[in-house]
Amino acid sequence: MVAAPSRVESLASSGIQSIPKEYVRPKEELTSIGNIFEEEKKHEGPQVPTIDLEDLVSEDKEARERCHEALKKAATEWGVMHLVNHGVPEELMDRVRVAGEGFFNQPVEEKEKYANDHDTGNSGKIQGYGSKLANNASGQLEWEDYFFHTVYPEDKRDMKIWPKNPSDYIPATSEYANHLRALTTKVLSALSVCLGLEEDRLEKEVGGKDELVIQMKINYYPKCPQPELALGVEAHTDVSALTFILHNMVPGLQLFYEGKWITAKCVPNSIIMHIGDTVEILSNGKYKSILHRGLVNKEKVRISWAAFCEPPKEKIILKPLPETVSETEPARYPPRTFSQHIEHKLFRKTQALNGA
C-alpha cells in the first residue's frame with residue numbers, strides 16, 4: 001500500500017516559517033502576487049459585476065429584458081459575476097458551509113478514510129479527499145487540500161465516499177445540488193435567449209435534463225506562512241459549462257481582466273458564477289471563460305465550494321453553434337468531445353511547461 005501523501009494542512013500546522021520550494025511559484029508569477037486583504041479593499045479600477053437574478057422571471061417584460069441585458073454584458077465582457085437573488089436559500093448555503101467546514105475540521109487521519117487514488121499515481125478513484133500532486137513539468141504544487149465528488153444527478157452519486165460526519169453533510173449537500181441544478185437551467189435559458197436562440201438550446205447542447213453532471217470540489221486553503229510566494233490554485237480557465245462558487249467570505253479569487261489581476265470582493269449571500277470553456281465554445285467566443293486563480297494568506301483559512309456543471313464526456317461534440325458562426329465570424333474552435341477538450345488543455349499546458 002502506498003503511504004498517504006503529506007497534506008498541506010499538516011504542513012501548515014507544523015509550525016514551518018518558510019514553505020517548501022515545490023510550493024514557490026515561478027519568478028514571472030511572483031511579481032503579481034500581493035496581499036489579498038489589501039487587494040480586496042481597493043475600490044478603484046474594474047470590479048467583478050453583480051447580477052440580480054430576481055427579474056429573470058419577472059412578469060414585467062422591461063424588467064426581464066434589463067436583467068437579460070445585464071447578464072449578457074457580464075458574460076460577454078467578464079465571464080464571471082456575483083449572482084444575488086439566485087433562488088438558493090441563505091439558510092441552505094449556511095448549512096453547506098457549516099457541513100464542509102465540519103468535515104475539514106476533523107483530524108487528518110479521519111479525513112484520510114476518504115482519500116482518493118489520485119495521489120498514488122493511479123488513475124482509479126478520483127473522488128474523495130486529496131491534495132494535488134505535481135503532475136506538471138515544473139513540479140509545482142498548490143497550497144490546498146480538497147474534497148471532490150459528483151453531486152448530481154442522484155444516480156451518479158457514489159455515497160460510499162460522501163462524508164458521514166458531520167451528520168448534515170449528505171442532506172445539505174444533496175439539497176444544495178438540486179437547487180444548483182435548477183439555477184443552471186435558469187441561467188442557461190437566459191444565456192440562450194441573449195444569443196437569439198430557443199430558450200432550452202444551450203441546456204440541450206450540454207446534455208439536457210438527463211446527461212448534465214454537477215461535480216463539487218471543496219477547496220481548503222490553510223494559512224500560509226509565505227503567501228506572497230504561493231498560490232492556492234494556479235491560473236486556469238474552467239472546462240465546465242458553468243461553475244458556481246460559494247465561499248466562507250475570505251477573499252482569494254482573482255480574475256485576469258484586461259491584462260491585470262483583479263480581486264473579487266466578498267459579496268454577502270451571493271454565489272460567484274463562471275462561464276466555462278464549454279459555453280465559450282458553443283457561443284463561438286461571444287461568452288468568455290476567464291482566466292482565474294486563488295491566492296492564500298497568513299491570517300485566515302479560506303474554503304470555497306466549486307460546483308462544475310459539465311456535459312457528458314463522450315456523447316456530445318462541442319463546437320460553435322451554427323447560429324453563432326458567419327462569414328465575418330468563422331468558427332474559432334474545432335469540434336471535440338468534452339473529454340478531448342480536457343486532453344487538449346493538458347497537452348497544451350505540458351508543451352508550454354516543457355518550452356515547446
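Helices (H or I, at least four residues) and strands (E, at least two) are DSSP runs, numbered from the N terminus. The model is predicted, so local features need pLDDT of at least 70 and side-chain atom pairs count only at pLDDT 80 or more, while totals for chains, interfaces and linings use all residues. Residues are numbered from 1 along each chain as its sequence is written, and side-chain values use heavy atoms, with hydrogens and water left out.

**Exercise 1.** Determine which strand gives the most to the lining of the second largest pocket.

*Solution.* Begin with the term: on a 1 Å grid over the protein atoms alone, a pocket is an open set of points where a 1.4 Å probe fits, with protein on both sides within 12 Å along at least five of seven lines, and lining residues have an atom within 4 Å of a point. The second largest pocket holds about 170 Å³ of space, a volume being the space filled by probe spheres set on the points, which are joined across faces, edges and corners. Next, read the lining, which includes E39, K42, W261 and K265. Strand β9, residues 260-263, gives the most to this lining, with four residues.

**Exercise 2.** Compare the span of helix α7 with the expected one.

*Solution.* The expected span is 1.5 Å times one less than the number of residues. Helix α7 covers residues 169-194, which is 26 residues, and the expected value is 38 Å. From its first C-alpha to its last, α7 reaches 37 Å, close to that expectation. After α7 comes G196, whose phi is positive, near 80 degrees.

**Exercise 3.** Find how many disulfides the structure holds, and examine C224 and C266.

*Solution.* A disulfide is a pair of cysteine sulfur atoms within 2.5 Å. The structure holds zero disulfides. For C224, the nearest cysteine sulfur is that of C266, 18 Å away. As for accessibility, buried means under 20% relative accessible area, exposed over 50%, and partly exposed in between (1.4 Å probe, protein chains only). C224 counts as buried because its relative accessibility is 1%, and C266, at 16%, counts as buried too.

**Exercise 4.** Locate V48 and decide whether V48 is buried or exposed.

*Solution.* V48 lies in the loop between α3 (36-41) and β1 (50-52). With a relative accessible area of 10%, V48 is buried. Finally, V48 and L295 are 247 residues apart in sequence, and their C-alpha atoms are 16 Å apart in space.
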